[in-house]
Amino acid sequence: MFRSTTTFEMNFRVGRSVMAAARTARFTKRCVSGSTRGGGGGGGWWDHVKPAPKDPIVGVTEAFLADPAPNKINLGVGAYRDDDGKPVVLQCVRDAEAKIAGSDFLESISASVSSKLVEESLALAYGKDSNVIIREGRFAGVQTLSGTGACRLFAEFQKRCYPESRIYLSDPTWSNHHNIWRDANVPRRTFHYYHPDTKGLNFVALMNDIKNAPDSSFFLLHPCAHNPTGVDPTEEQWREISYQFKVKNHFPFFDMAYQGFASGDLDIDAKTLRIFLEDGHSVGCAQSFAKNMGLYGHRVGCLRQANILELCLYSEGVLCSNKKQAVAVKSQLQQIARAMYSSPPVHGLLLVSTILSNSDIKSVWVRELKVMASRIKKNRSALRDSLEKLGSPFNWEHITNQVGVFCFSGLTPDQVDQLAKEFHVYMTRDGRISMAGVTSGNVNYLANAIHQVTCCQEEPLNVCNTSF
């Protein structure tokens, strides 16, 4: 039997419905009025936000992908490609993957956990002298989100410890270096590096800038395969640079993203770091395995700070002349990393660590690295030869004089735009060519395109529509 509803109950339910409707109306009003806050003039919260400028390298890839042309070339990506223009999974990576298969690596690791990767990276960079550094504990290193993460972590560390300092960047440098130190609120200055007439190193101007910079300045240096120019100082020039850094008490921070790609030899490409350590400098180093192991998507990198001498020059308290300093510096790096990305990826760490610690797999990697570097050198020779066979009146020796993944072609922004519009060839507007994107199949097409835009300014372009 159903119980009849009393008048009191009916009134109570009606009252409760009215109160609920009122609460809903007040909440809706708050949401609507709140959404206009910060915009001014009745706009939304984010109406005042303008689109950020496109990253020059990302913009190249986006333009390339949007081009429906069947024959197109992407020379913007600074990662290795095979002779078919495809990304490569190295055999050493496949071998390492097989080794770690079934490992319990899904559990995140803290950035504060001491990783074997740091010591292995140290050995790769500093060679036999790393044993002394490791034994005496005079280095502070943490795993980072590739080289970019290492640079950003150091920029934040620099700002925290030396809030009035600035960073000196080579002119030109990788465009993201400016973004990284800008967002860390570290003022940026540039020093001479590239000579546009010789398309080589402007060594005299570089040395003058080092001498004229305030004492104890921070400099970012590329130890090998300079990005974007492909222009590296000679060993003798590096020794002069190191000496002048010592005189001025400058701090060298190295961004080593392409170890092995300049010469094909890991030790030769690390020579710059070892020169600075031999001379008693405290150094910082961002090291990435994204390019030389083909692990771009895994974001594996390392930030280290070390000093090889037991009795070293005290570098304004920043780096490590003893174990106590190293512990303090590392704790600061860990604290910054904790707030930035907390825990780094573990799968990529295991891959790199396995490759570096397993002698058989490492020897496979060393051979593959030489093959990659050799192919890029052949690409340089093939492009130069093709341009010269076309009868170009210009000197293209810089293509083979420069080293590493990049060639600073000397092409103007207008010529680069022409290449994209007329020939579907894409590169950054500063004329940087990623030589890994040059293949035996497209090199003649590319040479013809460059010849057309550099030699035929007053004549209609002879656009080549043949396949490659």
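**Helix α3 and its two packing partners**

Hi everyone. Let's start with helix α3 and helix α13, residues 347-357, which pack at an angle of about 110° with their axes 9 Å apart. Before I go on, please keep in mind that this is a predicted model.

Angles from 65 to 115 degrees count as roughly perpendicular, so α3 and α13 are roughly perpendicular to each other. Their crossing is right-handed.

Who is touching whom here? On the α3 side we have Cys-92, Val-93, Ala-96, Glu-97, Lys-99 and Ile-100, and they meet His-347, Leu-350, Leu-351, Thr-354 and Ile-355 of α13. Sorted by class, the contact of α3 with α13 comes out at seven nonpolar residues, two polar and two charged.

Now for the other partner. Helix α3, residues 91-100, also packs with helix α14, residues 359-389. For this pair the angle is about 160° and the axes are 8 Å apart. That makes α3 roughly antiparallel to α14, because the cut-off for that label is an angle over 145 degrees. The crossing of α3 and α14 is left-handed.

Which residues make this contact? From α3 come Gln-91, Cys-92, Asp-95, Ala-96 and Lys-99, and from α14 come Ile-361, Val-364, Trp-365 and Glu-368. In the contact of α3 with α14, five residues are nonpolar, one is polar and three are charged.

If you have the model open, have a look at Cys-92, Ala-96 and Lys-99: these α3 residues are among those that meet α13, and they also take part in the contact with α14. Thanks, everyone!

Conventions: Residues numbered from 1 in each chain as written. Predicted model: local features only at pLDDT ≥ 70, side-chain atom pairs only at ≥ 80, totals over all residues. Heavy atoms only, no water. Axes fitted to C-alpha atoms, helices over the stretch in contact; angles between N-to-C directions. Helix = DSSP H or I, 4+ residues; strand = E, 2+ residues; numbered from the N terminus. Parallel < 35°, antiparallel > 145°, perpendicular 65-115°, else oblique. Left-handed = near helix turned anticlockwise from the far one by under 90°. Contact = heavy atoms within 4.5 Å. Nonpolar A, V, L, I, M, F, W, Y, C, P; charged D, E, K, R; others polar.
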